[in-house]
Every structure is written in structure tokens, then in C-alpha cells.
Amino acid sequence: MSEVENTAEHRQPFHLLIKPAGADCNLRCDYCFYLRAHELYPASARHIMSPEVLEAMVQGLLELRFPQSTFAWQGGEPTLCGVDFFRQVVSLQQKHGVDGQAVSNSLQTNGLLIDEAWCRLFRDYNFLIGLSIDGPPELHNAIRKNAAGHGSWDKAMAAAKLMDETGVDYNVLCVVNKENVKMGADLLRWFIDKGFKFVQFIPCCDPGMPLNVPPEALGDFLCETFDVWANEAWGRVSVRDFEALLSLYAGLPEGLCTHGKKCNKYIVIEHDGNVYPCDFFVYDEWKLGNVMEAPMDSFMQTEKYKAFAARKYKVPACAGCEWRKYCYGGCPKDRVSCGPVDQPTPFCEAYKQFFAHALPQFDAILRKIQKNPPML
């Protein structure tokens, strides 16, 4: 048995969702939920992870010797840390990793700072990039603006073009809100027409947010875009939402935490090393500790984390629901946005509509996969 297999044998793997620049960002998107994290650090105008915290975090995860160690870099805007910061990330991963241990990095960006130097780093070290684009310019620019009120669509699209030209792997993340949801199936067709091959949809739902997607509109949107994916774009375009559900239907592990029974797949690391169970719950009441003060695997063993993780499926109203195993009440963040966490997601009826529409088609899709695996 290898060192990796031996030391990770009795641990449940988890990954890190890291905020190296905290909530700092060069955009002021109308639906951003994370800017309020600045309230935790009022003494500093700018936030960036120190070399000491960075090394403690990298070493802390890699010394657990999981067969696959995953670092997901988000913000705010993580590219504000600069290319050299991420060169140091790679150097530390090489320093603290061992043979047989796979390490992967993903980075979520608005694309504004992406240039050839960034693309070389991403390509050379196999970073998977998530690029935020919400659709056509009139929809994207109305919401994803900088501090001066100017839209960011041109720069996001330029980043996509440059990543295509330099061979960087990336996907597009689209926040479905009350405006772009009106496009229905045409929103996915727009992404396809622009040549994007990997797309993920994230419904906007945050307390008091005027851009929250109406549940009834989300149900229609999911059904319509699913039909485009299944009937028009199969094998050419990957839609993570649908493929994650298909994987779960086939008996494989859930690919998105929304579908899981517990919220226990990752922990969040803020720029100062403070640890939280989820980036939607970066509040003092949910702080688990700091990477400078405790082993990385100790945070998920705290009673606070266990209580948080188990809240996912403890929804009395979901008992007996035929679709329960596909959402377990939905994301707790969405639930607290509109009421008590022990109530189902506000998207409950939308998900029921979608599950009833899509799941009967999954057997045929699985047969199609077995016969002709998609070549993306």
C-alpha cells in the first residue's frame, strides 16, 4: 500500500474553497452576496493571504495524503492576488506533495485581469477556470458592473477568447436571475452559439435580493434548457447541473453539493486563515477555527461543523417526497434566504417540476452514453 493510500485510508476526503483576497473585487455585481464579508475585517482596506497562512494551508491539506487534493480559489476576485501569488501556490504544492498524490486547482474569475501571463500559468499547471458570464451584453452589463458603473462583458469575452487561443481549460458560470431567466432555452442556445462547451447555471437567491430568480420561472427554465441539452446539444456541450443529476441517478456520487445529503464536501478558508463550513455562511457564529492553530482535518470533526452539515437533510416537510434523494431539501443557503432552515428550499416546486420532466429521460440518455460517449 502506498503512502497516499495508507494515510488517507480512514479519512473522508474533502477539498478547500479558498478566498485568498477575501471579498476584495474589481466588480460590484448587483447580486453579490460576498461583499458583506468585509464586515469581518473592518480594519483593513485590502486583504491578501500571507505567505505564512498560504503555506500552512497547503501543507495542512497535502499532509493528509488524499489520493486527490483539490484547491478551489474564489473571491471576491482571486486574481487580485497577482500571478506571482499563484506561482508560489504551485511551488508549495510541489514542496509538500508526494509521489502518487494528485493535486488540482480551480479558479473562479470575472476575467478582467486575465492576460497571457495568467494563461501560461493556467495552462502549464492545468488550472480549471470558471469564468462568470451571464449571457448577452445587455443582460451581463446591467448587473456585472465595476465601481464606476461600467459593464464587464467585453473583458470577460476577451478573457474567454484568450483562454481558447492558449489552450486553457475553462467553463462558464452563469447566475440565473430574474432578468436572464426570461430568455429560457435561448440563454443556453446563446452560450452554444458563442462556442462555449462547458456551462453551469446557479440560481440567484439571497435575502432581500431584488434579482432573485422567481421559483416558477426557474422551473420552466430548467425544463427548457434541459431539452436543448438533451435533444440539440448532446455530446457537444456539457451542462454541469444536468450531468451531476444524471450521475446521481446512475448511482454515482453527487457532483454538486445541492444534491447531497450533507454539506460535508469542503471547508472555506478566508485570507487570514479563518475557517468556515461554507462561503454562504462566513459569519462569526459559524467560524470553526484558523489553519494556523489546528490541523486541517480537525475542523470537520468539530461539533459545530457536524451540526451544520447535518442540517442539509433535516427538513420534516420533505419526508415521503419522491424526489427527496435528489435534493434533500435543497441548499441551506437558499432555505435561510426565505425562511427557517428546517423548511424546504424556495425552489422546491421548481425542482419537482424539473425532476418530473427530466428523470424519465435519463435511461435513454444513459444508453446513448454507453453507445456513443460524448467527445468534448
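**Chatting through a predicted fold**

Q: Which residues of helix H7 are buried?
A: In helix H7 (residues 185–193), the buried ones are Ala-185, Leu-187, Leu-188, Trp-190, Phe-191 and Ile-192. Buried means under 20% relative accessible area, exposed means over 50%, and partly exposed is in between (1.4 Å probe, protein chains only). Helices (H or I, at least four residues) and strands (E, at least two) are DSSP runs, numbered from the N terminus.

Q: Where do the numbers come from?
A: This is a predicted model, where local features need pLDDT of at least 70 and side-chain atom pairs count only at pLDDT 80 or more, while totals for chains, interfaces and linings use all residues. Residues are numbered from 1 along each chain as its sequence is written, and side-chain values use heavy atoms, with hydrogens and water left out.

Q: Back to H7, what covers its buried residues?
A: The cover includes helix H6 (153–166), E5, E6, H8 and E7, with contact meaning heavy atoms within 4.5 Å. Just after H7 comes Gly-195, with a positive phi of about 90°.

Q: Let's switch to the sheet. In what order do the strands come?
A: The order is E7-E6-E5-E4-E3-E2-E1-E8-E9-E10, which makes an open sheet of 10 strands with mixed pairing. Two strands pair if DSSP finds at least two bridges between them.

Q: And which are the edge strands?
A: Strand E7 (238–239) and strand E10 (289–290), each of which pairs on one side only.

Q: How many residues of strand E4 are buried?
A: In strand E4 (residues 128–132), 4 of the 5 residues are buried, so E4 is largely enclosed by the rest of the structure.

Q: What about the bridges from E3 to E4?
A: Strand E3 (residues 102–109) and E4 run parallel, joined by 4 bridges. Gln-108 stands opposite Gly-130 in E4, and Thr-109 has Leu-131 of E4 as its bridge partner.

Q: Which strand is joined to E4 by 5 bridges?
A: That's strand E5 (residues 169–176), and the two run parallel. There, Leu-131 has Val-172 of E5 as its bridge partner.

Q: What do E3, helix H4 and E4 make together?
A: With helix H4 (residues 116–124), E3 and E4 make a right-handed β-α-β unit. Right-handed means that, with the strands pointing away from the viewer, the path from the first strand over the helix to the second runs clockwise.

Q: Now E8. Which of its residues are buried, and on which side?
A: Both faces of strand E8 (residues 266–269) are covered: Tyr-266 and Val-268 are buried on one side, Ile-267 and Ile-269 on the other.

Q: In which sense does E8 pair with E1, parallel or antiparallel?
A: Strand E1 (residues 15–18) and E8 pair in the parallel sense over 4 bridges. His-15 stands opposite Tyr-266 in E8. With strand E9 (residues 274–276), E8 pairs in the antiparallel sense over 2 bridges, and Val-268 has Tyr-276 of E9 as its bridge partner.

Q: How many residues lie between E8 and E9 in the hairpin?
A: There are 4, and Gly-273 in the turn has a positive phi of about 90°.

Q: New topic, the rings! How many aromatic pairs are there?
A: Rings of Phe, Tyr and Trp (its six-membered ring) pair if their centres lie within 6.5 Å; planes under 30 degrees apart count as stacked, over 60 as edge-to-face and the rest as tilted. The count is 32 aromatic pairs. One of them is the edge-to-face pair Phe-201 and Phe-221, at 5.1 Å centre to centre and 85° between the planes.

Q: Which elements do Phe-201 and Phe-221 lie in?
A: Phe-201 is in strand E6 (residues 198–203) and Phe-221 in helix H8 (residues 215–231), so the pair ties together parts 20 residues apart in sequence. Both Phe-201 and Phe-221 are buried.

Q: Why is the pair of Trp-323 and Phe-355 tilted?
A: Their planes are at 50°, with the ring centres 6.0 Å apart, so the Trp-323 and Phe-355 pair is tilted. Trp-323 is buried at a relative accessible area of 15%, and Phe-355 is buried at 2%.

Q: Which residues of H12 are buried?
A: In H12, they are Ala-350, Tyr-351, Phe-354, Phe-355 and Ala-358. They cover an arc of only 125° around the axis (using directions from the helix axis to the C-beta atoms), which puts them on the same side of H12. Their cover includes E6, H8, helix H9 (240–249) and helix H13 (362–371).
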